[in-house]
Structures are given as structure tokens and as C-alpha cells.
Amino acid sequence: MLSNKISLTGVKPTGTPHFGNLLGAFYPVVRMSDEAKKTYVFIADLHALNAVKDREFIHKNTYEIAATYLALGINLEKAILFRQSDIPEVYQLATLLMNVTPKGLMNRAHAYKASVDKNLAKGEDADAGINMGLYTYPILMAADILLYNSDVVPVGQDQKQHVEFARDIAGSFNYIYGKDLLTSPEPIIPEDAATVPGLDGRKMSKSYNNYIPIFAPEKELRKLIMKIITDSKLPEEPKDPEESTIFHLYRAFANEAQTEELRQRFIKGGLGYGEAKQILFEAINEKIAPAREKYYDLMAHTEQIDAILADGAAKAREEAKKTLARVLKAMLG
Ligand code: TRP
């Protein structure tokens, strides 16, 4: 039952949103925001800082993410859209939570461990190039989650551990300072977060550079779809839909009847990859076009986005202040 729950999610402004993000995060969050009692959605610009030092990039990407949510129709009656750095209470809470967070917990964080492993594989010092922003990343994320008394946190599989850390941190805070001071959050992994394939068939990801931006202009969208890598089967040959990136992407956008129809055409033979790509392009384009228009409209009027983010920040801050006051009182009297 989501209807009595507070939901919260953050998106790091570290790249133009792509179809993997659309299906795994944007769509599910927009859908959930209609069901939940209240939804906090923020652009996690503070979280980007451990890796991105280019403020122009963060700025532009923040607008892109906000405009994406708005173009997809997030319901602002129930969802509070804001920028993480507009809420100074989050830095304060993060610092306070450091005192109830075991260092060993941070040592176990996947992202940190992956960086260490990479260093060791290269024969470098374990902590080479790792800043404290990366190391303490899960504490800031716990502060995000706990500041707004979030019950549920929709995230991709890769972020599940971070939400569990937030639970651990809330638990240790409550154990020391008093039951129920902080709400223990639960991760929710949206079903359609199942990996969306990129142009080369691997998981769609910024780091593989195999992605399709959600709001690529029509011509570029078509060009990218035509670049999807296929095997060299001839048009007349039967093809296995399950092995085809084209089919997997189509299934994510089309309805069941359409998906079944394309499946049959793959199996029967007689459908060339060029034609299949054209069918995929048309399906995606039709679905995306209305939101795309809104998106470019907003990106041309960023002052509208600024106003919405400012409004969101004001609302989020009200809650943030209450939580911080409660925490400070418990810790320092
Ligand atoms: N760490 C998340 C990511 O990399 C972004 C994020 C920051 C977040 N704070 C959050 C997600 C709080 C959910 C809740 O994708």
C-alpha cells in the first residue's frame, strides 16, 4: 500500500538521461508519485561532486533531469521536485550521522570497493584517487533519505545497498538516542528496471556510450536506432526475438499485442533488420513525441524550471528543518 507512504528518490546529474533511466527510473517514479501519499524527487548535485568538477555540466544536467520529470508529467500536486544543494540541512544531518556510522560499513560499500579493486588491479595504492566524497557517499545518501522521513525509496539494484545502509544508520541512531526518531526506509526495485539493452546489446549505460538519450531529436533518434548492432542474418531468415536488441527495446515501448505481432514476424522470417529498426523507431517516436515537445519548451525557458525547483526547495526545507531540529535536540539537548 503506497497510498499512505512517503516516497523519495534522487538522480545524480552526471549524464543526459537515456532510455535505460527512463524505463528503470523516470517512468516508475512518475507512476509511483501518483500512488504515494507524497513523493520527494531531487537532483543529487552534491552527490555528483565526488566525480564531476565541471559546474556548467552539473548545472545543465540538473535542468535536463528536472525538465525530463516535468515533461513526463510528474504530478506536482503530490511530488516535490527540488535540487539537493538547496537544502543546507542535508549537509548538517550528514555530518551528525557520521557519528553513528561505523567506518567498517563504508568499507563495505560496493562503489568504494569497486574503486579499490580497480586500483589494486592496476598495482596502485588501494585508495589512490578516492576522495572522501566518494567514501562517505552513503552517509550523505542516508541523510537525504532520513531527512524527509521517507518510507520507501525506489532505486535500481545498484543502489539497494545504499538504502540498506540508511536503514542501518537510522537503526543505530534510534538505538542510541531514542526509538522512532528516524524513519527506517525500504528500498523498492521497480520491476521494469530489468536491464534495457544499449545499441551494442550490452546494458544501456553512459559508461559504455551505447545509450539513446530520451529526448534525442527525431532525426538523431532514428539515426541512433539504425546503429543498433545486429547479426548478419538475411531478411528472409527466421530470427530469434529474444536475442535481438531491437525486439527487447520494442517490447519496452509497445503494448502486448504489438509485441506479439513483432515476435511472430521475427520467428517467421521475411523481416529484415532495417525494417525492424524502422518499426522500433516509429513506436518509440510516437510514444516520446508529446513529452519531447514539452521538454524542449522547458529547456528554452529555464526560468520556469528555476521557479518550480525553488518552490520544491521551500516545501522540502520545511520538513528538513523539523527533522534536523529533532536530531539536534536528541544529540545535544
Ligand atoms: N546514489 C543515487 C545514484 O547514484 C542517487 C541518490 C542520491 C539517491 N541520494 C539518493 C537515490 C537518495 C535515492 C535516494 O543513482
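The chain is assigned two domains, domain 1 (6–195 + 302–332) and domain 2 (218–296), with bounds taken from an automatic or database domain assignment. This is a predicted model, in which local features need pLDDT of at least 70 and side-chain atom pairs count only at pLDDT 80 or more, while totals for chains, interfaces and linings use all residues. Residues are numbered from 1 along each chain as its sequence is written, and side-chain values use heavy atoms, with hydrogens and water left out.

- The C-alpha centres of domain 1 and domain 2 are 34 Å apart. Nine residues from domain 1 and nine residues from domain 2 take part in the contact, where contact means heavy atoms within 4.5 Å.
- The size of an interface is often given as the accessible area lost when the parts come together.
- Between domain 1 and domain 2 the buried area is about 760 Å², and carbon and sulfur atoms give 77% of that area. Buried area here is the accessible area (1.4 Å probe) that two parts lose on being put together, summed over both.
- On the domain 1 side, Phe19, Leu23 and Ala71 supply 59% of the area buried against domain 2, more than any other three residues.
- Zero salt bridges are counted between domain 1 and domain 2; a salt bridge requires a side-chain nitrogen of Lys or Arg within 4 Å of a carboxyl oxygen of Asp or Glu.

**Salt bridges**

- The structure holds 14 salt bridges.
- Lys160 and Glu164 form a salt bridge, at 3.6 Å from N to O. Both residues lie in helix H9, four residues apart, about one turn of the helix. Helices are DSSP runs (H or I, at least four residues), numbered from the N terminus.
- Lys160 is partly exposed because its relative accessibility is 29%, and Glu164 is likewise classed as partly exposed, with a relative accessible area of 32%. The classes are buried (under 20% relative accessible area), exposed (over 50%) and partly exposed (in between), with a 1.4 Å probe and protein chains only.
- Glu275 and Arg265 meet in a salt bridge at 3.0 Å, N to O. Glu275 belongs to helix H13 (residues 273–299) and Arg265 to helix H12 (residues 256–268), so the pair ties together parts that are 10 residues apart in sequence.
- Glu275 counts as partly exposed at 39% relative accessibility, as does Arg265 at 28%.
- In helix H14, Asp311 and Lys315 lie four residues apart, about one turn of the helix. Their salt bridge has its closest N and O atoms 3.2 Å apart.
- Asp311 is partly exposed, at a relative accessible area of 42%, and Lys315 is partly exposed at 39% relative accessibility.
- A network of salt bridges links Glu242, Arg251, Glu260 and Arg263.

- Thr323 lies in helix H14 (residues 302–332) and counts as buried because its relative accessibility is 0%.
- Leaving aside residues up to four places away in sequence, Thr323 touches Leu146, Leu147, Asn149 and Leu182.

**A nonpolar surface patch**

- Tyr175, Ile176 and Tyr177 make a nonpolar surface patch of about 390 Å². Patches consist of residues with over 30% relative accessible area and no salt bridge; like charges are joined within 9 Å, and nonpolar side chains (Val, Leu, Ile, Met, Phe, Trp, Tyr) within 5 Å.
- Accessible areas come from the Shrake-Rupley method with a 1.4 Å probe, and for residues only the protein chains shown count as cover.
- Tyr175 is placed in helix H9 (residues 160–177) and counts as exposed because its relative accessibility is 77%.

Definitions and conventions:
Helix = DSSP H or I, 4+ residues; strand = E, 2+ residues; numbered from the N terminus.
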